[in-house]
Amino acid sequence: MSDTEVIQSAAERPSKGGGNIFARIALFVRQVVAELKKVVSPTRSELITYTTVVLVFLVVVMIFVVALDYGFGLLAGWVFA
């Protein structure tokens, strides 16, 4: 980014604390609506893929935690028995 682009984008930003509170709220709502229009819902196949990835990751983490718990339980039993 060049220096002129940084100066221009800083000049376009609204000043902090200035302006009517209702105007700032309206600006915020307009920006939220504009961002929500950019959202794209996943297709059915993408949704199935994402769900599968999350479930597999969950199972792997569960196995890891169970193994650690079992190992620390054996270690505690050995130390304090």
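**Exercise 1. Determine which pattern the chain follows along the sequence.**

Solution. The model is predicted; local features need pLDDT of at least 70, side-chain atom pairs count only at pLDDT 80 or more, and totals for chains, interfaces and linings use all residues. Residues are numbered from 1 along each chain as its sequence is written, and side-chain values use heavy atoms, with hydrogens and water left out.

Step 1. Helices (H or I, at least four residues) and strands (E, at least two) are DSSP runs numbered from the N terminus.
Step 2. The chain contains three helices and zero strands.
Step 3. The pattern is accordingly α-α-α.

**Exercise 2. Describe the secondary structure over residues 47-80.**

Solution. Step 1. An unreviewed UniProt entry annotates residues 47-80 as "transmembrane region"; such annotations may be inferred rather than shown by experiment.
Step 1. This stretch is 100% helix and 0% strand, with its end C-alpha atoms 49 Å apart.
Step 2. Helix α3 spans residues 44-80 and includes V65.

**Exercise 3. Identify the residues that meet in a salt bridge, and classify their accessibility.**

Step 1. Buried means under 20% relative accessible area, exposed over 50%, and partly exposed in between (1.4 Å probe, protein chains only).
Step 2. E35, at 46%, is therefore partly exposed, whereas K38, at 58%, counts as exposed.
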